[in-house]
Amino acid sequence: MIPECITDFILPPIIEALGTEFISRAYRWWTASDSPDHEAQLRKLRYSLETMQSMINGADGKQGERSDDRVRRWLRDLQRLAHDAEDALDECEYENNRCRVETGVGKKRKRCSFTSYIVDKIEAINVRFDELKEEERLLNLESHGSTALELPKTDSLLGNSKVFGRGEDIKRILNKLDGLRGKEYLVSGVSIVGMGGLGKTTVARSIYNKAKEEGRYDQVAWVCASKDFNVERILSEMHEHFKGGVTPRSTNVLVEHLAEELKEKTFLLVLDDVWERDQQRWYDFNNRLSKIVKTTRNSIVVTTRDEEVASLMKKMNLMQNSMQIHEMPKLSDDDCWLIIEETILTSSKQTSISSNLKSIGVEIAKKCKGLPLAASIIGETLSRESQTSEWEAIRDHDTWILNSKDGNRILSILKISFDRLPPPLKKCFSYCSIFPKDFTFERDDLVHLWMAQGYIPQPNESSKTMEQIGDAYFNRLLSNFLFQDVQRTSSGDIQCCKMHDVVHDLALAVSKDETFIWEAGCTIDENANILHLRVKHDASGPLDIPPKILQRLRSLFIEQNAHAVFNDMVPKLKSLRSVKLAGANMIKLHSALGELRHLRYVDISKRIDDELPKSFYKLYNLQTLRQNRSHQRNHPSDMRTSLVSLKHICLAS
């Protein structure tokens, strides 16, 4: 069971992209009608969707205050209604594309039939929204503004005195600082970057304390910048460290006091846990600092989970060419064990660990995947367990982090990076949970899957393409260290990457019950909110998946040979956007595949049969087709005329 405190309710990104295009996509189908109520219904739908996210925010806050199944059911129903609205607009898009392809008398008859159908569907959505709005009032869930993100505050005094596996990092950063100071810059420094839990604050604290103890600078200051990168607050805390006494309220007077205090002195400023991406705030900080600094050889050390922050610092006039980046590496398994061992001995007041337990602990250390945060928390857990069987259970439990209280602490800290993402990127990140651990993501393939799910907005005529927006999303997740182990082409372009195991656990947690990995013996509640399904085992017969679940599925990945499984499912997959049969040696695809009007992504690269069913060429919303290179020649010559939305044909050997 995934702990409730680390989950989020996120509506489909369609709500982020509302505008005049939203109206036109559906309204074009109602122009033949004389009823003015049609446009009114559509405009009401738009209002409903614009209101939904604030309703979610209000309910999510109340859910944190009380455990209430009624609130959870209401949230689930609201999400489903948003997906129904997204489906309605998708169907409008499909009908538009169908009319571009099909001709003749039947075209007008189908159009009239569709108009009547979609009007009824949107009207029903609006009625249901009104019902949920009334339930919101009865449940006292009205939103009173979003709750500010609470981030842990750090200081230079917290933490263990012993630091394992970071001696080389500390040495390198100190050498960089000394080298930059030798060049007589006014201000220089180092940005320490890396994913959450790598020990950036621990290293910065060691550098701060070493500089203070050895008198490397005349003044030192530690400022935790995670909660709010407010220039006045940073200056005030510098004043408290450097000068003490009453801090002036006037910013100008504050700057004058600091300038006077530092007139003939050098300083080290540590800005810990910085997230600020607003260039204007960095320019303001630069301008204030330039009025304070009077001597050379001053240093700033920044810790951040975002590479963009480090890049912004390098652009500041005061620090151009004088800021360097130190990317924190993962620890070795041996160092992770040393942290676990030290934590156990300190917490349990023991003097040693038995050789039997130690051999198990060394294996457990490998589960940390180089993350010192995980090592510390696992060490705390093991310190409370003295039985060999308990240690073995943790060693052998693949989902310990997801299913334990202490594991949840790791995810809660990593989730800060997730919380800082805008809603569309949250959906993009959580979608990665459908892939197995240690999976190698192809960047382009991942972007195409995001496009298929509607996570990337349709661009305006003058803006970037969807692919370019998707690349920007990918780079943002990469810069926040939610991806790692990047591989590049010979020209330097990113080709593929991986995800840290603990970050993958986070993706599983925040995807809530929307992603399900099916294995032999699994059962699924028909009321579950599953949208993305990966079939993990080699199924030779039908899966026991309720029809209601299949009707709501938006993604279906089948890893192994499952011909009968997929073809049995096809008629029920009414909302499917993406299907990946890369591991399924299909002989014949079901003719009903062409009736999946929402389908935008198809991977049949391991299919044996050369011919696709004729209905396949009625997938008018299809954007991406991945297939075997040998099948390319078997498409009809007018394929592009039929598949009017097709953007990408990806060929596999």
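This is a predicted model: local features need pLDDT of at least 70, side-chain atom pairs count only at pLDDT 80 or more; totals for chains, interfaces and linings use all residues.

Analyst: Happy to! Gly 189 has Met 323 of strand 5 as its bridge partner. That bridge brings us to strand 1, residues 187-193, which pairs with strand 5 in the parallel sense over 5 bridges.

Stepping back, the sheet is open and built from 5 strands, with parallel pairing and the order 2-3-4-1-5. Strand 2 (219-224) and strand 5 (323-327) are the edge strands; each has a single partner strand, so one side of each lacks a neighbour in the sheet. On average, neighbouring strands are turned by 15° against each other, direction ignored.

Now for the helices on the sheet. Helix 9, residues 279-292, packs there by touching strand 3 (267-274) and strand 4 (298-304), and its direction makes about 170° with that of strand 3. Helix 10, residues 307-315, lies across strand 1, strand 3, strand 4 and strand 5. Relative to strand 5, helix 10 runs at about 165°.

The chain has an average pLDDT of 83, and 83% of the residues score at least 70. The pLDDT falls below 50 over residues 1-7, a stretch that still has 23 contacts in the model beyond near neighbours in sequence. Residues 17-21 are also below 50, with 6 such contacts.

Technical notes: Residues are numbered from 1 along each chain as its sequence is written. Side-chain values use heavy atoms; hydrogens and water are left out. pLDDT is the predictor's confidence in each residue, from 0 to 100. Contact means heavy atoms within 4.5 Å. Two strands pair if DSSP finds at least two bridges between them. Helices (H or I, at least four residues) and strands (E, at least two) are DSSP runs, numbered from the N terminus. Axes are lines fitted to C-alpha atoms, for helices over the stretch in contact, and angles run from 0 to 180 degrees between N-to-C directions.
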